[in-house]
Amino acid sequence: MKKVISDIGEKLRAKESKLTARRELTLKVLLENKGKHLSAEEVYNLVKREAADVGLATVYRALELFQEFGLIHAIDFGDGRKRYEFGMEEGKDHHHHHHLICTKCGSIIEVNEDLLEELENRVNKKHNFTITDHQLKIFGVCSQCSKS
């Protein structure tokens with residue numbers, strides 16, 4: 001984790017930004033919760049455990065900055081709140097993974113295979129359109145909720 005934080009600090013400095021103590025705490029929370037889809041309020045509550053004097057606006061600004069730099073992604077799963085997850089791993093494909101969202105309990109299941117590659121190829125050929133990214137959210141009922 002230290003290397004990732006150090007690399008991100010360098011990336012920010014290269015574009016005349018700083019990795020302040022509050023931003024670093026926000027980043028640590030995101031890294032420690034990798035794979036989870038935290039709202040800004042959830043990130044804030046976790047940061048506040050380490051720094052009681054941090055403000056919600058500070059966390060929002062850090063999240064926006066990290067998003068600007070492509071370090072995190074903001075996704076709306078249909079509940080009207082942005083949820084954040086740590087960005088792409090170095091050396092991996094630049095497409096997002098896909099999400100299955102349970103409409104009963106709100107759980108989110110990640111699907112790590114690219115389900116849209118064939119469709120992207122067809123769109124590219126038919127419309128001469130270069131796709132740079134996509135998101136796929138599938139809503140339904142998870143296996144746990146189906147049992148109950």
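How many of the 5 residues of β4 are buried? In this predicted model, 4 of the 5 are buried, so strand β4 is largely enclosed by the rest of the structure.

**Confidence**

The protein has a mean pLDDT of 86, and 94% of its residues reach 70 or more. Among the elements, helix α3 (residues 40-50) has the highest mean pLDDT, 95, while strand β5 (residues 108-111) has the lowest, 82. Over residues 88-94 the pLDDT is below 50, and this stretch has 6 contacts in the model beyond near neighbours in sequence.

**The nonpolar core and its helices**

The largest nonpolar core holds 27 residues, of which Leu27, Val43, Leu63 and Phe66 touch the most other members. Two or more residues of this core come from each of α1 (2-14), α2 (21-32), α3, α4 (56-68), β2 (72-76) and β3 (82-86).

| α3 | Ala40, Val43, Tyr44, Val47 | 100° | α2, β1, α4, β3 |

In α3, the buried residues are Ala40, Val43, Tyr44 and Val47. Because they cover an arc of only 100° around the axis, they lie on the same side of α3.

Helix α4 can be checked by its length: at 1.5 Å a residue, its 13 residues should span 18 Å, and the end C-alpha atoms are 18 Å apart, which agrees. Just after α4, Gly70 takes a positive phi of about 75°.

Strands of a sheet pair through backbone hydrogen bonds, either parallel or antiparallel. In this model 3 strands form an open sheet in the order β1-β3-β2, with antiparallel pairing. Since β1 (38-39) and β2 stand at the edges, each with a single partner strand, one side of each is left without a neighbour in the sheet. The pairing of β1 with β3 runs over 2 bridges, and Ser39 stands opposite Arg83 in β3.

Strand β4 (residues 98-102) contains His98, a buried residue with a relative accessible area of 2%. Leaving aside its neighbours within four places in sequence, His98 is in contact with Ile109, Glu110, Val111, Glu113, Asp114, Leu115, Leu116, His134 and Leu136. One of these, Val111 in β5, stands opposite His98.

β4 pairs with β5 in the antiparallel sense over 4 bridges, and with strand β6 (residues 137-140) in the parallel sense over 4 bridges. In the hairpin of β4 and β5, there are 5 residues between the strands, and Gly106 takes a positive phi near 85°. On the β6 side, Gly140 is the bridge partner of Cys102.

Conventions
Residues numbered from 1 in each chain as written. Predicted model: local features only at pLDDT ≥ 70, side-chain atom pairs only at ≥ 80, totals over all residues. Heavy atoms only, no water. pLDDT = per-residue confidence, 0-100. Contact = heavy atoms within 4.5 Å. Core = buried A, V, L, I, M, F, W, Y, C linked by side-chain atoms within 4.5 Å. Buried < 20%, exposed > 50% of the residue type's maximum accessible area, 1.4 Å probe, protein only. Expected span 1.5 Å × (residues − 1). Pairing = 2+ DSSP bridges. Arc of directions from axis to C-beta.
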